[in-house]
Amino acid sequence: MPVAVVGLGADGWAGLTAGARGALASAEVLIGGPRQLALLPPGECAGERVAWPSPLRPAVPRLMAEHAGRRIAVLASGDPMFYGIGRALSQELGPDALLVHPHPSSVSYACARLGWPVEDTEVVTVVGRPVARLAAALYEGRRVLVLSAGAATPNEIAALLRERGFGPSRMRVLEQLGSEDEDAYEGRADRWDHAPGDPLNVVAVDCRRDPGHAAPRLGATPGLPDTAYEHDGQLTKRHVRAATLCALAPGPGELLWDIGGGSGSIGIEWMRTHPSCRAVAVERVAERAERITRNAAALGVPGLRVVTGAAPEALAGLSAPDAVFIGGGLTAPGLLDAAWAALAPGGRLVVNTVTLESEAVLTDRYRRHGGELVKLAVAHAVPVGGFTGWRQAMPVTQWSVTKRMDRI
């Protein structure tokens, strides 16, 4: 029998459809969070009540197995398939094993109250995730809804907005959406002085950038200003970085290995192209590895995984990549072979180098595997006495190739 997954709003039992009420009333086992279970009237729902343990995700297969053969109803907040338990259940049991009863999500309620079109509104969740994720969504004029982790989240958001140069942004906190206790309050991030309120809240942000703030303006495309990064000189510079990301061609949900991470710029900008993109930065110097973690948080992708160690040994046990970038250590024995072997057909490999020795290695691989071999040269205008001239940066040789079945 299918598992009923019932979306529940802050209005509780009164806000449910007849079908959702019937699924809960007939269930032998009711599984949900303590707050959700408390919204069900005992006289209507007689099933055994089981509260989710923490952490929740590992408990899903165990609880489903324990109650197999019984009529199970799982409670979710709002729409179960929107940042809800429906995803974990679908992955564990398969979509055909579920009967989902959706409820309007907090995003739908919030947009209705604010008059914001849902399709034009960015949504960021910080439930079980760092507030730093919001940084990647901050652009002048953008409307963002943040799904809060609790009462302290609005203050954390205000602090992040001030730090990132978005102090003039208007913030509105919407509490208990859809219930009789629904409430709201607002203010500017740079003047935010509200005490923590109800833990069940959503924060709406009208992004406004402070033009006088020292933080560099960050665009939506690869090639962020070099000043956006903390670094010790080990940084793929802006124009070469943009060309490198173009060659890597990130797609939603794909995984990148950034080998020789340096300051983490390639992995960071790979992840900024889409919220579902993932990356692992491999860096042998511990101090640089720590710096990568700080840069990732500052630029809105705190989910970047950092592995401290020397490649190719540090690659052992990593999930298979969709693309690999090698920005350092190319002459390490076995590194290029290990990276190539890790890629499935269709995977991309991009390698940058500035030395003649490494260039010879890339030339040999280009002959064997094809792809594209280019030299990237950038010059910057600088003062020359009372005039202006060009200063040439060290040219970068780049080999990029897509692995085909006949090249394995």
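Valine 6 stands opposite leucine 75 in strand 4. The model is predicted: local features need pLDDT of at least 70, side-chain atom pairs count only at pLDDT 80 or more, and totals for chains, interfaces and linings use all residues. Residues are numbered from 1 along each chain as its sequence is written, and side-chain values use heavy atoms, with hydrogens and water left out.

Strand 1 (residues 3-8) and strand 4 (residues 72-77) are parallel and share five bridges. Strands here are DSSP E runs of at least two residues; helices are H or I runs of at least four, and both are numbered from the N terminus. Pairing requires at least two DSSP bridges between two strands.

Helix 1 (residues 18-26) packs on the sheet. The helix touches strand 1, strand 2 (29-32), strand 4 and strand 5, with contact meaning heavy atoms within 4.5 Å. Its direction makes about 125° with that of strand 1. Axes are lines fitted to C-alpha atoms, for helices over the stretch in contact, and angles run from 0 to 180 degrees between N-to-C directions.

The open sheet has five strands, in the order 3-2-4-1-5, with parallel pairing. Strand 3 (48-51) and strand 5 (98-101) stand at the edges with a single partner strand each, so one side of each lacks a neighbour in the sheet. From one strand to the next, the twist averages 20°.

Strand 19 (residues 396-402) pairs elsewhere. Strand 15 (residues 348-353) runs antiparallel to strand 19 and is joined to it by six bridges. Arginine 348 has threonine 402 as its bridge partner. Strand 16 (residues 372-376) is also antiparallel to strand 19, over five bridges. Here leucine 376 is partnered by valine 396. Six of the seven residues of strand 19 are buried, that is, under 20% relative accessible area (1.4 Å probe, protein chains only).

Methods. Buried < 20%, exposed > 50% of the residue type's maximum accessible area, 1.4 Å probe, protein only.
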